[in-house]
Amino acid sequence: MPKRPAGTLYRGREGMWSWVLHRITGVAIYFFLLVHILDTSLVRLSPEAYNAVIGAYKTPIMGLGEIGLVAAIGLHALNGLRIILIDFWSVGTKYQRVMFWVVIGLWLVLLAGFIPRQLMHIFGGE
């Protein structure tokens, strides 16, 4: 096997993917909040424009986007708890790989409870 260059601790392992996913979900949540603040501020400028924007959010595409938003928030929150455990639990680094898979498992279970209900809401199966 080729020797790893110095300074490449993650190199595609769970720690690196956790880091990448945490950054991606954080940026996605940031942009959602930015858009949310901007569209909510429309209510003071023009209630008609605000109603038009809110009406556009009631489309199936935006409903699917809400699934993505909930997925991003859930993964970001659970991974944030994992990071706190790594930082403050004396054996956190030893179990960081296991905690990554626990986070993924919990996240999938939570999404399995949310996605069917959201799809029924989006496509009128209620």
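Modeller: Start with Glu-14, which lies in helix 1. Bear in mind that this is a predicted model.

Biologist: Is Glu-14 buried or exposed?

Modeller: The cut-off for buried is under 20% relative accessible area. Glu-14 has 12%, so Glu-14 is buried.

Biologist: Which residues is Glu-14 in contact with, leaving aside neighbours within four places in sequence?

Modeller: Arg-97, Phe-100 and Trp-101. With Arg-97 there is also a polar contact of 3.0 Å, side chain to side chain.

Biologist: Now Asp-39. Where is the place of Asp-39?

Modeller: In helix 1, which covers residues 14-45. Asp-39 is buried but has no salt bridge.

Biologist: How many Å away is the nearest side chain of opposite charge to Asp-39?

Modeller: That side chain is Lys-58, 12 Å away. A salt bridge needs the charged atoms within 4 Å. Not counting residues up to four places away in sequence, Asp-39 touches Tyr-50, Val-53 and Tyr-57.

Biologist: Next, packing. What describes two packed helices?

Modeller: The angle between their axes and the distance between the axes. Here, helix 1 packs with helix 2, residues 47-56, at about 150°. Their axes are 6 Å apart. Angles over 145 degrees count as roughly antiparallel. Helix 1 and helix 2 are therefore roughly antiparallel.

Biologist: Which residues make the contact?

Modeller: Helix 1 supplies Asp-39, Thr-40, Leu-42, Val-43 and Leu-45. Helix 2 supplies Pro-47, Ala-49, Tyr-50 and Val-53.

Technical notes. Residues are numbered from 1 along each chain as its sequence is written. This is a predicted model: local features need pLDDT of at least 70, side-chain atom pairs count only at pLDDT 80 or more; totals for chains, interfaces and linings use all residues. Side-chain values use heavy atoms; hydrogens and water are left out. Helices (H or I, at least four residues) and strands (E, at least two) are DSSP runs, numbered from the N terminus. Buried means under 20% relative accessible area, exposed over 50%, partly exposed in between (1.4 Å probe, protein chains only). Lys and Arg count as positive and Asp and Glu as negative; His and the chain ends are not counted. Contact means heavy atoms within 4.5 Å. A polar contact is a pair of N or O atoms within 3.5 Å; within protein, one must be able to donate a hydrogen and the other to accept it, and residues adjacent in sequence count only if both atoms are side-chain atoms. Axes are lines fitted to C-alpha atoms, for helices over the stretch in contact, and angles run from 0 to 180 degrees between N-to-C directions. Angles under 35 degrees count as roughly parallel, over 145 as roughly antiparallel, 65 to 115 as roughly perpendicular and the rest as oblique.
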